[in-house]
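Here are my notes on this model. Please read them with the structure open.

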Amino acid sequence: MSSISAGTSGGTALVSTGDTTGALVIKTGSSATTAATFNADQTVTLAAPLPVASGGTGSTTLSGITVGNATTATTATNLAGGSNGTIPYQSAAGTTQMLAVGTSGQVLTSAGASAPTWGTVSTGNFGTDLSTVDYFLTTSSALDSAVSAVPCMQAVSLDGTSELMLFGGNLSLHAVVFNTSTNTFGTPVLIRTQNMSTPNRFALTAISSTSVLVCSLPAVDTNLQTVVLTISGSTITVGTVLTTVLAANSTLVTANTRLVTVGSSYVLNYFTTSNSLPKFRAITVSGSTPSIGSELAYAGGSVQHHSYAHSASIMLHFSMTASTTIFVVPITVSGTTLTAGTQATVSTTASNFMVTGALSDSRYALYYLNTTGRGAVVSVAGSTASISTAGTTVAVTSWGPSMQVFGNQAFVNNGGASDNSNVITDTSGTATLGTSLANPVAGALIGFLSTGKVFFAASAAGNSSYYQFGISSGSPVLEKTFQNMTSTSVITTGLLSSANYSRPLSGLPQSKSGDNPIVLRTSAGKIVLSNTQLPFVASIDGTYPAKLQQSANQFTSYNDGISDAVAWGIPQVTSANATTIQLRKVTLA
């Protein structure tokens with residue numbers, strides 16, 4: 001057996017007798033497997049795994065030892081390789097690579113089984129949820145005699161695949177059918193050759209999937225016309241026109257509730273031009289023949305005409321006389337006969353607006369001004385109306401209210417800078433208000449979620465902050481703030497101001513004086529506005545907390561939403577005596 005001697009003070013290596021390399025190799029077992037090598041530089045290489053003696057205790061610290069792969073590791077202090085900002089990822093089983101550094105502000109996006117990638121977070125720029133398609137129709141006669149005139153428009157869904165549209169100018173009113181499955185129009189049909197250039201000069205409602213009732217009344221006129229349109233595919237057959245001469249010049253109400261379906265009757269809402277007091281007529285239809293009843297005159301308010309189909313036999317009507325009184329009256333409908341019930345009234349100091357909304361329990365929320373903001377609940381028993389006003393009031397510095405209903409509660413907002421939001425709660429017909437919350441900025445409501453969330457935005461620009469309110473506690477709570485959700489365009493103040501914002505978000509599509517309604521609302525909270533500047537979409541759909549979007553061209557027309565994801569508008573008509581109309585279909589993803 002060779003002997004082993006240790007090195008001396010001169011740095012001589014540990015060697016075995018007769019070895020000239022300066023290394024000592026120790027082998028074990030009959031296979032002569034190398035267990036350890038003592039190198040000439042006094043480092044030691046041990047085989048892996050390291051053999052451990054049975055029953056051994058304690059620990060041994062070895063200095064200058066290189067060890068092979070460990071079967072089990074505990075905590076690694078650092079990884080070899082990489083650089084500042086790189087991220088390790090597995091490119092294959094047992095293979096680790098480093099992802100290169102991204103740009104400041106980017107986020108990682110999964111690429112499935114491939115390497116992840118860096119990307120920029122979308123900020124909801126215009127066009128993310130909104131797409132448009134333009135169509136051109138040729139009418140049998142001129143729509144309008146004015147240069148750059150813009151026709152107005154209303155639309156109604158028929159059977160899920162067909163939509164009937166009315167569009168009018170100062171020379172005519174036409175109808176056309178659009179097929180949503182083939183994206184094709186039928187031939188436009190002339191309905192009337194008089195001034196139909198504003199939306200409150202005509203009204204329509206679907207009687208069935210194959211027939212539509214249309215009422216038209218030119219401005220400052222007494223000749224009311226009622227007709228049934230019968231639809232077969234894309235073909236429209238105009239029925240026999242029923243002409244009713246009114247006692248005085250009249251105008252259909254501005255609110256979308258011009259023609260309200262109550263049971264099997266249809267109640268037309270209009271007012272006398274001289275005093276703006278409300279008038280009503282009930283219409284029935286047999287086949288394609290309409291019948292109209294006598295006029296019901298109501299000495300209520302001269303502005304803000306809101307009507308709701310309360311039941312199959314009752315229509316509830318709201319109106320107000322500026323700065324004096326709000327009137328609420330149930331009207332019993334029986335065929336073509338109308339009978340006014342017992343009204344309820346409440347004092348108001350507002351010079352313009354009240355807001356109303358249908359609650360889930362056959363009652364109605366009412367928000368109005370009587371020096372301070374007042375929340376109320378309207379009930380109907382038989383043909384009698386009653387109003388419960390909350391004891392708590394809301395401080396007001398300016399007045400342009402909006403409302404959003406959730407079940408038996410209504411979120412209300414005063415609509416001005418330094419003003420307040422609150423929640424009206426209906427408890428078995430008794431109204432209460434919660435604790436007021438100051439508006440975070442001057443602005444307006446822009447959207448909602450069905451889960452009881454309301455979104456508020458500053459009115460100065462589209463790239464301003466957004467605020468999320470919750471109402472579940474019975475009082476408004478500011479839950480989240482979203483900064484700069486868009487960055488590509490500024491939207492003018494007028495688009496979000498109370499003057500151009502339809503009231504309320506739920507309930508009536510349009511319940512204010514003026515013709516600037518919301519034309520589309522979806523259960524996800526997407527909203528299309530249309531007014532004299534341009535439309536935009538406030539989308540709170542889960543993809544992003546909130547964003548504003550706009551289409552390429554302006555609309556200066558009015559239209560009703562025909563589905564949860566589609567609205568129609570008319571871009572500018574640019575020539576006099578135009579017989580071609582451009583229609584734009586706006587679709588929300």
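1. The side chains of Arg 363 and Asp 426 make a polar contact at 2.7 Å. A polar contact is a pair of N or O atoms within 3.5 Å; within protein, one must be able to donate a hydrogen and the other to accept it, and residues adjacent in sequence count only if both atoms are side-chain atoms. Arg 363 lies in the loop between β32 and β33. Leaving aside residues up to four places away in sequence, Arg 363 touches Gly 357, Ala 358, Val 377, Val 378, Ser 379, Asp 426, Ser 428 and Gly 429 (contact: heavy atoms within 4.5 Å).

2. This is a predicted model: local features need pLDDT of at least 70, side-chain atom pairs count only at pLDDT 80 or more, and totals for chains, interfaces and linings use all residues. Residues are numbered from 1 along each chain as its sequence is written, and side-chain values use heavy atoms, with hydrogens and water left out.

3. An open sheet of 4 strands runs in the order β32-β33-β34-β35, with antiparallel pairing. Strands are DSSP runs (E, at least two residues), numbered from the N terminus; two of them pair if DSSP finds at least two bridges between them. β32 (355-358) and β35 (384-394) are at the edges with a single partner strand each, so one side of each has no neighbour in the sheet.

4. Within that sheet, 7 bridges join β33 (residues 364-370) to β34 (residues 372-381). Asn 370 stands opposite Thr 372 in β34.

5. Elsewhere, β19 (residues 221-232) and β21 (residues 242-252) run antiparallel, joined by 5 bridges. Asp 221 faces Ser 250 in β21. β21 also pairs with β23 (residues 265-272), antiparallel, over 3 bridges. There, Leu 252 stands opposite Tyr 270.
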